[in-house]
Amino acid sequence: MNERRIAGRPASAYASRPVRGRVAAALASAAALVTLTGCGGWEYKENICGSDEYPVLSVGSTGQACVQEGKEPDAGYTRYPEGKVPQEVGDKWDVYWDTHTLDEDGKTVKVPSGG
């Protein structure tokens, strides 16, 4: 049996070589694309609360907490107004509620500096 040998190994050992080369080239291209585009536009965003919780606002201040779904907020906390609930850290409503709160009558009020 006269099997062709390359660098001391049977030629059949190199049969998948072109596929590996293409895969390596594709991975290198993907890595270069991610590097050049700054991670491809992907950005990590942190949720305000866990998946089984909802955010609540401290009445009269900018404090917030998370409450288990199906439970009511503790005394001194209330739900955010509908449509104004922060979902991710730094989103439009998270930033808004840094300077606003709800008073005891449920009205939105601006918080004095340092409050």
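Trainee: Which residues does Thr101 touch, not counting residues up to four places away in sequence, and what makes a pair a contact?

Mentor: Thr101 touches Leu57, Ser58, Val59, Gly60, Ser61, Lys107, Thr108, Val109 and Val111, leaving out residues up to four places away in sequence. These pairs are called contacts because contact means heavy atoms within 4.5 Å. Please note that this is a predicted model, in which local features need pLDDT of at least 70 and side-chain atom pairs count only at pLDDT 80 or more, while totals for chains, interfaces and linings use all residues. Residues are numbered from 1 along each chain as its sequence is written, and side-chain values use heavy atoms, with hydrogens and water left out.

Trainee: Why is Thr101 called buried?

Mentor: The relative accessibility of Thr101 is 2%. Buried means under 20% relative accessible area, exposed means over 50%, and partly exposed lies in between (1.4 Å probe, protein chains only). Thr101 therefore counts as buried. Its place is in strand 6.

Trainee: Where does His100 lie, and is His100 buried or exposed?

Mentor: His100 lies in strand 6, which covers residues 100-102. The term strand is used because DSSP assigns a run of E of at least two residues, whereas a helix is a run of H or I of at least four, both numbered from the N terminus. His100 has 15% relative accessibility and so counts as buried.

Trainee: Which polar contact joins His100 to Thr99?

Mentor: The side chains of His100 and Thr99 are joined by a polar contact of 3.0 Å. A polar atom of the His100 side chain also lies 3.1 Å from the backbone oxygen of Tyr96. Beyond its neighbours within four places in sequence, His100 is in contact with Thr62, Thr108, Val109, Lys110 and Val111. His100 and Val111 are 11 residues apart in sequence, with their C-alpha atoms 5.1 Å apart.

Trainee: Why is the pair of Tyr96 and Trp97 called edge-to-face?

Mentor: The structure holds 3 aromatic pairs. One of them is formed by Tyr96 and Trp97, at 5.0 Å centre to centre and 85° between the planes. Rings of Phe, Tyr and Trp (its six-membered ring) pair if their centres lie within 6.5 Å; planes under 30 degrees apart count as stacked, over 60 as edge-to-face and the rest as tilted. Tyr80, Trp93, Tyr96 and Trp97 form one aromatic cluster.

Trainee: Is Trp97 buried or exposed, and how does Tyr96 count?

Mentor: Trp97 counts as buried, because its relative accessibility is 2%. Tyr96, at 24%, counts as partly exposed. Trp97 also belongs to the largest nonpolar core, made up of 5 residues: Leu57, Tyr80, Trp93, Trp97 and Leu102. Such a core is a set of buried Ala, Val, Leu, Ile, Met, Phe, Trp, Tyr and Cys residues joined through side-chain atoms within 4.5 Å.

Trainee: How do you know that Cys49 and Cys66 form a disulfide?

Mentor: Their sulfur atoms are 2.0 Å apart. A disulfide is a pair of cysteine sulfur atoms within 2.5 Å, so the pair qualifies. The count comes to 1 disulfide. With -90° about the S-S bond, the link of Cys49 and Cys66 is left-handed.

Trainee: Why does the pair tie together parts that are 17 residues apart in sequence?

Mentor: Cys49 lies in the loop between helix 1 (17-36) and strand 3 (53-58), and Cys66 lies in strand 4 (residues 64-68), so the pair ties these parts together. Cys49 is buried, with a relative accessible area of 14%, whereas Cys66, at 33% relative accessibility, counts as partly exposed.

Trainee: Which residues does Pro55 touch, not counting residues up to four places away in sequence?

Mentor: Pro55 touches Ile48, Cys49, Ala65, Cys66, Tyr80, Val85 and Pro86, not counting residues up to four places away in sequence. The place of Pro55 is in strand 3, and at 10% relative accessibility Pro55 counts as buried.

Definitions and conventions:
Polar contact = N/O pair within 3.5 Å; in protein donor to acceptor, adjacent residues only side chain to side chain.
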